[in-house]
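Here are my notes on this model, point by point. Please read them with the structure open.

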Amino acid sequence: MKSLDPLLAEWDKILARTSDAAAILTTTGQVWRTFRDIEEIARDFGEKIDGFRAGEVVAVQIGNHEDWPSILLACLRKQLVVLPLERSISERERDAALEICGASVVVTAAPGTPPEVLRLTIASTPEGDWGECSPSFLKLTSGTTAAPRAIRFRSKQLLADRDQICRTMGISEVDLNFGVIPVSHSYGFSNLLTPLIARGVPMVLSSDRLPRAVLINLARTNATVFPGMPLFYQAFCDIGEIPALPSLRLCISAGAPLSAAVARKFHQKFKQPIHSFYGSSECGGVCYDRDGTIFEDGFVGTAMEAVDLEIVDVNTTASQVRIRSAAVGDSYYPEPDAEKLSGSIFVPDDLLARRGSGFKIAGRISDVINVAGKKVNPAEVEAHLLRFTGVRQAVVFGCPSLLRNEEVAACVVADVDLVEANLLEFCRAELSAWQVPKRIFLVDEIPVNERGKTSRRELALRFGAENTSRSTMDG
């Protein structure tokens, strides 16, 4: 019997064509799962969830586990709604996500052990409450208040995202993906998991995130595609002796802006371009730098295939965009926001600026700092700080101020010894008074989360107390 779910229908085709072929490999290059193995484990796991009702939410928190594809397939067959959770989130964040999404089941697993199914006592989503468009997948994201919320997806939207990624990047079943990014994150799910089950693209699955180990494993597995993050590429550039990577043909960077300095250094050292990939949990892939040799901070290339971008405000140098594609999610859950996400249209908070035929990320609406009514775009201050000799990285954020609502602050990483006073003087010479940071924190590295992203909100919380203390003394 043919599967009605489009993802399952694609899997049936893959299974019929390549059932005995390698699907998941270890970091030593050994076959971990064939496509037939994935199917057999999916059937076995289906028995464990046989008593659950269609529409119930199943949270999956197993890291980069080899049974991820099987669990997804089993849940799709039972018409259960999958909610991936990153293993690194705190217990408080996990409990909040489970409650908000109405999860009734949690699947957990330690590395190398079979997944366990735990029935929760929270009230599950009653069958039929999803409305006409029942989701098959929920992607967790942060709302404007930092509280978690989910995005509803049906299988056809996940499949559309796979099509856009594979066609734009030229990824096919002859490739071998190297999976070190979290499968539970939108980037990993779209670039690793759906290409495997709906296009037959095998992958190496790794939980080892040490940069040297990643390079060694890339070499010995002969992986051809590396979906990475800027923090990996920066670390690769700093490694002395590097292994030969004759099979590696495509290096992708997403999750955070890629600096021009890292892209240029990597290109010189490895003779490979890094292709910046810009996307969002709400809509999947948006832009892709097909060339990879336009070394400019924040450059993300042109729109991906089958993605339409419309500039919202044509009278500004940087504007929000309306994204139209078949991969856009249905809505937020539990509270919809039709102005941002509905009807195959998503309007992100990112500000994009045109650069030639492509786009550059120029900041975010939510990042704008309000200094006594004056609006400061942190990207402008960052660009100025990066012009100071020796400054390698700069992240600008707003800290609470009793008198001025917010004050500008910055974290700076430098290659040479610097003095905060000199940087402040440099800023005062060129920037408007309200743009000049109140504090500049000299750090060894900019803190990032598991996804390789820097959160201005987290930096404000981390450095805000010290900034407020100094502002009080100055007053």
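1. The model is predicted, and it holds zero disulfides. Cys133 is partly exposed, at 33% relative accessible area. Cys237 is also in no disulfide; for this residue the nearest cysteine sulfur belongs to Cys251, 10 Å away. Cys237 is buried, at 5%.

2. Next, a helix pair. Helix α1 (residues 6-18) packs against helix α6 (residues 186-199) at an angle of about 60°. Their axes are 6 Å apart. From α1, the contact uses Leu7, Glu10, Trp11, Ile14 and Arg17; from α6, it uses Leu196, Ile197, Ala198 and Arg199. By class, that gives six nonpolar, three charged and no polar residues.

3. Aromatic pairs come to 16. In one of them, the ring centres of Phe178 and Phe226 are 6.1 Å apart, with the planes at 55°, so the pair is tilted. Phe178 sits in strand β9 and Phe226 in strand β11, so the pair ties together parts 48 residues apart in sequence. Both residues are buried.

4. Phe441 and Phe463 form another tilted pair, 4.7 Å centre to centre and 35° between the planes. Phe441 lies in strand β27 and Phe463 in helix α12, so this pair links parts 22 residues apart in sequence. Phe441 is buried at 5% relative accessibility, and Phe463 is buried at 11%.

5. Last, charges over rings. Lys139 lies over the face of Phe153, 4.5 Å from the ring centre. Arg149 lies over the face of Tyr332, at 3.6 Å.

Terms used. Residues numbered from 1 in each chain as written. Predicted model: local features only at pLDDT ≥ 70, side-chain atom pairs only at ≥ 80, totals over all residues. Heavy atoms only, no water. Disulfide = S-S within 2.5 Å. Buried < 20%, exposed > 50% of the residue type's maximum accessible area, 1.4 Å probe, protein only. Axes fitted to C-alpha atoms, helices over the stretch in contact; angles between N-to-C directions. Helix = DSSP H or I, 4+ residues; strand = E, 2+ residues; numbered from the N terminus. Contact = heavy atoms within 4.5 Å. Nonpolar A, V, L, I, M, F, W, Y, C, P; charged D, E, K, R; others polar. Phe/Tyr/Trp six-rings, centres within 6.5 Å; stacked < 30°, edge-to-face > 60°. Lys NZ or Arg CZ within 6 Å of the ring centre and 35° of its normal.
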